[in-house]
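Open the model in your viewer and show the side chains.

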Amino acid sequence: MSENPLLDSLRRARSARRQRGRQEGAPGPELPADPAALKAHDFADLPANKQVKMTKAVAEMTGLASPFFRNHVTTSTAGARIGDTECINFASYNYLGLNDHPKVRAAAQDAVERWGVSAGASRLVGGEHPYHAPLEERLAETLGAEAAIVMVSGHATNVTTIGTLMGPRDLVLVDSLIHNSISEGIRLSGAQRISFPHNDWGWVDDTLRRSRRQYENVLIVVEGLYSMDGDSPDLARFVEVKARHGAWLMVDEAHALGVLGGTGRGLHEASGIDASSVDIWMGTLSKTLAASGGYIAGSRDLIDLLRYTAPGFVFSVGLAPALAAAATTAIDVMLAEPGRVARLAANGAHLRQAAQGAGLDTGSSLGLAVVPVILGNSLTAVALSAQLAEAGIEVAPIV
């Protein structure tokens, strides 16, 4: 018997498991007689895979090269080399040009030298590191929130946050153009989902006036800048609606940070609204901030709840040192050089004006970081993308 009761207990448990495994008559797994049956399943017969193959076949029949997964061999900046072709790059999230900024690069390189490549474990069990708190504090300060938490995936941030906060007795009202990650989070939560007409706060108000009492908690989700259409909601109206009905408001600012507002702080700055009026601010580190991952900002109680209960944080490795350092430095550069935000706005306005002048449909875009050209047909979009690529312009089709 050792002096460590815990170690003794573990040894006894292991011995008991071995003893049970030696008992006579214990049935073992039956393996199929045919060795071919041991091969992995062929997923080609799944309906979704058949659809993928059909889409590829149609592309081959039309002679169009695939516009997806093109091989970019240079840094993701305003220019790109795809294979041997130099292109103007319109298929990047590098909104403020920080992906190759010397300070951002240096911060990432220094972080690797000091702390290695990976955080090594979940922050809950593996401990905090010197590069996590500065990023979260900088995000909270920039967004006007009490606290923030960063996670390793922007998509997973939405999924795990909504999946944690909402349940079967709750309702989530989402804009009809909301991102897939929001939809997946609602599906995980089991909450009732209702999509409302794009940016229609009045529709949300009417719906909650009739049905609010049926649900325990209600969450309204909008985007700060819609990733396909390039427009924004009336934040003041949505804040009024959520307050009137005792609901929560979540704003996904994946494409708004660094784009909206005079200094790039996002929709609340552009709207002149106190950031604390919004319950949940969400965003990504992979666009303006030149890294990868996602964040939630809000009250300290909200962030503590997610820190201890959100599976996407608790059971996932912490953000890597280089990514955390790059994002922190990118925030500093964004705030120190507001001319980048102004230049982005000017470029976007010029693009929208030129496109409209050429008779192209840019929809409801504000002319900022996202300016769509709406063609109304997937095949036409793919064909035009291929023609533009040949002309040295990289722009991805949305089908």
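Is F238 buried or exposed? Select F238: its relative accessibility is 0%, so this residue counts as buried. Keep in mind that the model is predicted.

**The wider picture**

Three aromatic pairs turn up in a search of the whole structure.

**Stop one: W115 and Y131**

Select both rings. Now colour by secondary structure. W115 belongs to helix α3, residues 102-115. Y131 sits in the loop between α4 (123-126) and α5 (132-143). The pair therefore ties together parts that are 16 residues apart in sequence.

W115 is partly exposed, at 28% relative accessible area. Y131 is buried, at 4%.

**Stop two: F196 and F238**

F196 is in strand β5, residues 192-196, and F238 is in helix α9, residues 235-244. Parts 42 residues apart in sequence are thus tied together by this pair. Check the surface again: F196 has 1% relative accessibility and counts as buried.

**Stop three: K287 and Y93**

Last, select K287 and Y93. What sits over the ring of Y93? Look for the charged end of K287, 4.5 Å from the ring centre.

Methods:
Residues are numbered from 1 along each chain as its sequence is written. This is a predicted model: local features need pLDDT of at least 70, side-chain atom pairs count only at pLDDT 80 or more; totals for chains, interfaces and linings use all residues. Side-chain values use heavy atoms; hydrogens and water are left out. Rings of Phe, Tyr and Trp (its six-membered ring) pair if their centres lie within 6.5 Å; planes under 30 degrees apart count as stacked, over 60 as edge-to-face and the rest as tilted. Helices (H or I, at least four residues) and strands (E, at least two) are DSSP runs, numbered from the N terminus. Buried means under 20% relative accessible area, exposed over 50%, partly exposed in between (1.4 Å probe, protein chains only). A charge sits over a ring if NZ of Lys or CZ of Arg is within 6 Å of the ring centre and within 35 degrees of the ring normal.
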